[in-house]
Amino acid sequence: CEGGEGEGDGSEVQERVSAWESSMTPDQYTRYVKMRESHLNRSAVREHVSEMMPKKMLAGKAKAENKLVRAVQITAKLFVADLVERARLLMERDRLTGAIDPDHIREAYRELAAEGALLHRRGATRPL
């Protein structure tokens, strides 16, 4: 390939992202931009991760802990994005506009649970 461009570079990915972004409605694009700009508080996520993981697993492994915290941040952000988008679709179905109604968030959550898209703690009867 010329100029070092090939399958390994980001140009193909960037083209796909651009095509995907251009297929969004203005409202979807606004939510997408806000989602990309948002973040979860790193110290709060670190605290939750340390509560969930045995102390000896992460003892002296700052690099591994940082990667785990980042993975949890990303996963939680994607979950919230999916939940919000699904709630928006439910609102459209009900011909509603404006702020998302808590009932639609709960219904979107129930749909995700019914699809098996939620994580469960071992032995827990309720989703996390």
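Begin by selecting helix 1 (residues 11–22) together with helix 2 (residues 26–37), which pack at an angle of about 130 degrees with their axes 10 Å apart; here axes are lines fitted to C-alpha atoms, for helices over the stretch in contact, and angles run from 0 to 180 degrees between N-to-C directions. Helices (H or I, at least four residues) are DSSP runs numbered from the N terminus, as are strands (E, at least two). Helix 1 and helix 2 are therefore oblique to each other, given that angles under 35 degrees count as roughly parallel, over 145 as roughly antiparallel, 65 to 115 as roughly perpendicular and the rest as oblique.

To see what joins them, show the side chains of V17, W20 and E21 on helix 1 and of Y29, Y32 and R36 on helix 2, which make the contact, where contact means heavy atoms within 4.5 Å. By class, this contact of helix 1 with helix 2 has 4 nonpolar, no polar and 2 charged residues, with Ala, Val, Leu, Ile, Met, Phe, Trp, Tyr, Cys and Pro counted as nonpolar, Asp, Glu, Lys and Arg as charged, and the others, Gly among them, as polar.

This is a predicted model, in which local features need pLDDT of at least 70 and side-chain atom pairs count only at pLDDT 80 or more, whereas totals for chains, interfaces and linings use all residues. Residues are numbered from 1 along each chain as its sequence is written, and side-chain values use heavy atoms, with hydrogens and water left out.

Next, select R31, Y32, M35, A81 and E85, which lie nearest the centre of the second largest pocket among its 17 lining residues. Helix 2 and helix 5 (62–93) each supply at least two residues of this lining, and helix 5 gives the most, with 6 residues. By class, the lining of the second largest pocket has 8 nonpolar, 4 polar and 5 charged residues. A pocket is an open set of points on a 1 Å grid over the protein atoms alone, where a 1.4 Å probe fits, with protein on both sides within 12 Å along at least five of seven lines, and lining residues have an atom within 4 Å of a point.

Stay on helix 5 and select R86, which lies in that helix. At 17% relative accessibility, R86 counts as buried, a term for under 20% relative accessible area, with exposed over 50% and partly exposed in between (1.4 Å probe, protein chains only). Not counting residues up to four places away in sequence, R86 touches A108, E111, L112 and E115.

Finally, show the whole protein chain, whose secondary structure comes to 6 helices and 0 strands. Buried residues make up 14% of its 128 residues.
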